[in-house]
Amino acid sequence: MIEPGTSTTSTSTTTDTAPLTVGVEEEFLLVDARTFRVVPAAPIVLATAAGLPHQLHPEGTRYQVEISTPVAHSAVTLRAELAALRRTLARAARAHGCRLLAAPSPVVAVEGPLHLTDDEPRQREQHRRFGALTDTLVSCGRHIHIGTLDVDTAVAVSNRVRPWLPTLIALAANSPFWGGRDTGHASWRAMAWSGWPSAGLPPHFTSTAHFRRSVQTLLGSGAALDTKMVYWDLRPSGNWPTLEIRAPDMSPDIDTAILQAELARALVATALREIAEHRPEPALRDDVLRLARWRGAHDGLEGFGLDPYTGAELPAADLAEALLDLVAPELAAAGDLDHAAKTLARLLREGSGAHRQRAAFARRQDLMDVLRHLADETEDF
């Protein structure tokens, strides 16, 4: 472990003997089963699904619910946990005339004033300070935690994972519709969430002290109320000994969710191996990475992306396959390579979540068809 304030270019970790663990947080919308508009039903749905207090949670608004999986050592276990928790929530939602929606956005505009979580004064202070930015709170992402990592190691690994955030965004892209219209982006959530001053790409950290200074700057400038509002796409978790990847959209397909977790864990394992071998980080321009992030959000998996190192335009499918090739040894070591390769091949063949939403809309030009499609995919366990 490196000392805070020293270089992050080399470090040792305890993960040489212990396999990396994975846990996932997934956020869902609750919609009326007839109209498919969001409803502030989280309190009663969570009460009905009581019995798993550490795994089912309220979110920033009463239109949303969240699940947190237990720590998993394998993708097989993680998939079983996700399916069981989704099934429990879907059943509770149905009991109150609702459907569970694994969607990054409500698709159609939210009517009336925002229903914030009643017991969270923090949310009301957030609304007071940040105004219309809080409209984007009615959006859902997937947060992937990879551990166990001390903060120094997580900071060092973050630098090596961040070049692949645009590709992870493209793979998970599932929010083309927002406020009742096609945004022209495959992941509008990635763009809308970037409006928060504490969101987007994390800096490249020269040390753990640099990371801590960056967080304090966010707090001191008023850009964040507290450390929970460090909304970077990638960050050392403030609550757990993990590196937290926050960039991906929420998607209804469980296998896509597992693919994201498999790739995230393999990326961290690859970074740890490179650090142990004292391999230097490849040169990376932050302006190119920022543009690559936008292109990943704009084109998704069906279009083009930018090589994060060179800025060259490449098919997004090629970048996804390059990521798979990069981490294939670590995927194979964890027993995940076959599932990851098959799931990626299916996504490339059948299309991303954004592509499938647009296909559902194209049949009748009706956004209700998009919402039904999302609800049906969410409940396809």
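Biologist: Which residues line the second largest cavity?

Modeller: Arg189, Ala190, Trp193, Tyr231, Trp232, Asp233, Arg246, Ala247 and Arg293 do. On a 1 Å grid over the protein atoms alone, a cavity is a set of points where a 1.4 Å probe fits but cannot get out, a pocket is an open set with protein on both sides within 12 Å along at least five of seven lines, and lining residues have an atom within 4 Å of a point. Keep in mind that this is a predicted model, where local features need pLDDT of at least 70 and side-chain atom pairs need 80 or more, while totals for chains, interfaces and linings use all residues. Numbering starts from 1 along each chain as its sequence is written, and side-chain values use heavy atoms, without hydrogens or water.

Biologist: Which elements give two or more residues to that lining?

Modeller: Those are H6 and S9, with H6 giving the most, three residues. Helices (H or I, at least four residues) and strands (E, at least two) are DSSP runs numbered from the N terminus.

Biologist: How do the lining residues of this cavity divide, and how much space is in there?

Modeller: Five are nonpolar, none polar and four charged. The sorting rule puts Ala, Val, Leu, Ile, Met, Phe, Trp, Tyr, Cys and Pro under nonpolar, Asp, Glu, Lys and Arg under charged, and the others, Gly among them, under polar. The second largest cavity holds about 40 Å³; a volume is the space filled by probe spheres set on grid points, joined across faces, edges and corners.

Biologist: How many cavities are there in the whole structure?

Modeller: The search turns up three of 30 Å³ or more. For the largest cavity, the space comes to about 100 Å³. Its lining has 13 residues, and Pro166, Thr167, Ala170, Gly305 and Leu319 sit closest to its centre. Helix H5 (165–172), helix H9 (286–299), strand S12 (304–306) and helix H10 (316–334) each give two or more residues to this lining. By type, the lining of the largest cavity has ten nonpolar residues, three polar and no charged.

Biologist: And the largest pocket: how much space, and what lines it?

Modeller: About 1,200 Å³ of space, with 46 lining residues; Glu25, Glu59, Glu66, His143 and Asn239 lie nearest the centre. Strand S1 (21–32) supplies the largest share of this lining, six residues. Among the other elements that supply at least two are strand S3 (64–68), helix H3 (121–130) and strand S5 (142–147). The pocket lining divides into 23 polar, twelve charged and eleven nonpolar residues.

Biologist: Trp232 was in that cavity list. How many aromatic pairs are there, and how do I read one?

Modeller: A ring pair is described by the distance of the centres and the angle of the planes. Rings of Phe, Tyr and Trp (its six-membered ring) pair if their centres lie within 6.5 Å; planes under 30 degrees apart are stacked, over 60 edge-to-face, and the rest tilted. The count here is eight pairs. Phe205 and Trp232 have ring centres 5.7 Å apart and planes at 55 degrees, so they make a tilted pair. Phe205 is in the loop between strand S8 (199–200) and helix H7 (208–221), and Trp232 is in strand S9 (residues 231–232), 27 residues apart. Both Phe205 and Trp232 are buried (under 20% relative accessible area with a 1.4 Å probe, protein chains only; exposed is over 50%, partly exposed in between). Phe211 and Trp232 also pair: their centres are 6.5 Å apart and their planes at 55 degrees, so this one is tilted too. Phe211 lies in H7 and Trp232 in S9, so the pair ties together parts 21 residues apart in sequence. Elsewhere, ring pairs link Phe130, Trp193, Trp196 and Tyr231 into a cluster.

Biologist: Which residues touch the most other members of the largest nonpolar core?

Modeller: Nonpolar side chains tend to be buried together in soluble globular proteins. A nonpolar core joins buried Ala, Val, Leu, Ile, Met, Phe, Trp, Tyr and Cys residues through side-chain atoms within 4.5 Å. The largest one has 85 residues, with Leu89, Leu263 and Val268 touching the most other members. Helix H8 (residues 254–276) gives the largest share, 14 residues. Another core of 17 residues lies apart from it, including Val215, Met229, Tyr231 and Trp232.

Biologist: Is Ser187 buried or exposed?

Modeller: Ser187 has 0% relative accessibility, so it counts as buried. Ser187 sits in the loop between strand S7 (181–182) and H6. Leaving aside neighbours within four places in sequence, Ser187 contacts (heavy atoms within 4.5 Å) Ile169, Ala173, Ser175, Asp249 and Ala297. Asp380, in the segment after helix H13 (367–378), counts as exposed because its relative accessibility is 60%.
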